[in-house]
Amino acid sequence: MRFEFIADEHVKVKTFLKKHEISKGLLAKVKFAGGNILVNNQPQNAIYLLDIGDKVTVDIPSEKGFESLEAVDRDLSIVYEDAHFLVLDKPAGVASIPSVNHSNTMANFVKAYYIRQDYENQQVHIVTRLDRDTSGLMLFAKHGYAHARLDKQLQKKMIEKRYYALVQGRGELKPEGDIIAPIGRDPDSIITRCVTKDGKYAHTSYKVVEQFGDIYLVDIRLHTGRTHQIRVHFAHLGFPLLGDDLYGGTLEAGITRQALHCHSLSFYNPFLEKQLQLESQLPIDFQNTITSLTKNN
């Protein structure tokens, strides 16, 4: 895959490319795995001294898919795709990555899709994951350089994900608020997390969209990305998610998986030089639960 830049400084090639988030590791791959560095269409090395206005071209070698990841054919709900990124609408009940318990995962499906499309790069790069029973938008990078550029955005908290959740509890949930409480492993479980003073900093903000008696539809923004963060934070407030029996949520409100859906994803596409804002509609089980709650309240 070829990328072109115009030098705006009198510096070495490697120094200039670092500004464009091409790492030493990626430069090594270019050097040893069949790539090229050109300056004004002539081959050069990473320590070549650039003049302002020079055209720098980098040919990054293609990526073979991991042999350990099985390709599994399944229809995908594609929300957005270009040469660098792929955004899918993940259904509930599908894990993001393979594990001992899950082999039919989004990663497996995406690998099969890349093979069907005969893409140059076959590695699956997941940028944002979702729990198995959480539905909604998942972001993939279609090559390692794109992944590296989005990793920088993740570190700077520039990628914004918003979720809808249905929560239930006693008392009144404030119309909006911030939940700032550290999250760590539950000492009594290998699966669950909990709020603990020894945990990692975690920040969740929310706004109530609609109320159905003691059940609330909330719009949630994650400021950090801890495991089970939304589920743990709302359970800590005394308002666990409907369907989330792992954290005390009821299974009797019409939905039998955690009522959590990533409905909005925003990130900067550095190759198109523009901000992308993507949306996903609520899935049928979520809609049916809200319809039932509306009729009963």
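Colleague: What makes up the lining of the largest pocket, going by strands and helices that each supply at least two residues?

Modeller: This is a predicted model. In it, strand 7 (125-128), strand 9 (160-168), strand 14 (215-222) and helix 5 (229-237) each supply at least two residues of that lining. A residue counts as lining if it has an atom within 4 Å of a pocket point. In total, 44 residues line the largest pocket, and the closest to its centre are Arg-129, Leu-130, Asp-131, Thr-227 and His-228. The space in the largest pocket comes to about 1,500 Å³.

Colleague: What classes of residue does the lining of the largest pocket have?

Modeller: The lining has 15 nonpolar, 15 polar and 14 charged residues. Gly is counted as polar in this scheme.

Colleague: Which element gives the largest share of the lining of the second largest pocket?

Modeller: Helix 2 does, with five residues. Helix 1 (13-19), helix 2 (24-32) and strand 2 (36-39) each supply at least two residues there. The second largest pocket has a volume of about 410 Å³. It is lined by 17 residues, and Lys-14, Leu-27, Ala-28, Ile-37 and Ala-46 are the closest to its centre. By class, this lining has seven nonpolar, six polar and four charged residues.

Colleague: How many residues of domain 1 and of domain 2 are in contact?

Modeller: Seven residues of domain 1 are in contact with seven of domain 2. Contact here requires heavy atoms within 4.5 Å.

Colleague: What area is buried between domain 1 and domain 2?

Modeller: About 620 Å² is buried there, and carbon and sulfur atoms give 59% of it. On the domain 1 side, Phe-3, Glu-21 and Lys-29 lose the most area to domain 2, together 73% of what that side buries.

Colleague: Why is one side of strand 1 and of strand 3 left without a neighbour in the sheet?

Modeller: Four strands form an open sheet in the order 1-4-2-3, with antiparallel pairing. Strand 1 (2-6) and strand 3 (42-43) stand at the edges and each has a single partner strand, so one side of each has no neighbour in the sheet.

Colleague: What makes strand 2 and strand 4 count as paired, and over how many bridges?

Modeller: Pairing requires at least two bridges. Strand 2 and strand 4 (residues 55-59) have four, in the antiparallel sense, so they count as a pair. Asn-36 stands opposite Asp-59 in strand 4.

Colleague: Over how many bridges do strand 13 and strand 14 pair?

Modeller: They pair over eight bridges in the antiparallel sense. In strand 14, Ile-220 is the bridge partner of Tyr-206. The two strands form a hairpin with two residues between them, and Gly-213 in the turn has a positive phi of about 65°.

Colleague: Which residue takes a positive phi in the hairpin of strand 15 and strand 16?

Modeller: Glu-273 does, near 55°, and this hairpin has four residues between the strands. Strand 15 (residues 260-269) and strand 16 (residues 274-279) pair in the antiparallel sense over six bridges. Gln-277 in strand 16 is the bridge partner of Ser-266.

Definitions and conventions:
Residues are numbered from 1 along each chain as its sequence is written. This is a predicted model: local features need pLDDT of at least 70, side-chain atom pairs count only at pLDDT 80 or more; totals for chains, interfaces and linings use all residues. Side-chain values use heavy atoms; hydrogens and water are left out. On a 1 Å grid over the protein atoms alone, a cavity is a set of points where a 1.4 Å probe fits but cannot get out, and a pocket is an open set with protein on both sides within 12 Å along at least five of seven lines; lining residues have an atom within 4 Å of a point. Grid points are joined across faces, edges and corners, and a volume is the space filled by probe spheres set on the points. Buried area is the accessible area (1.4 Å probe) that two parts lose on being put together, summed over both.
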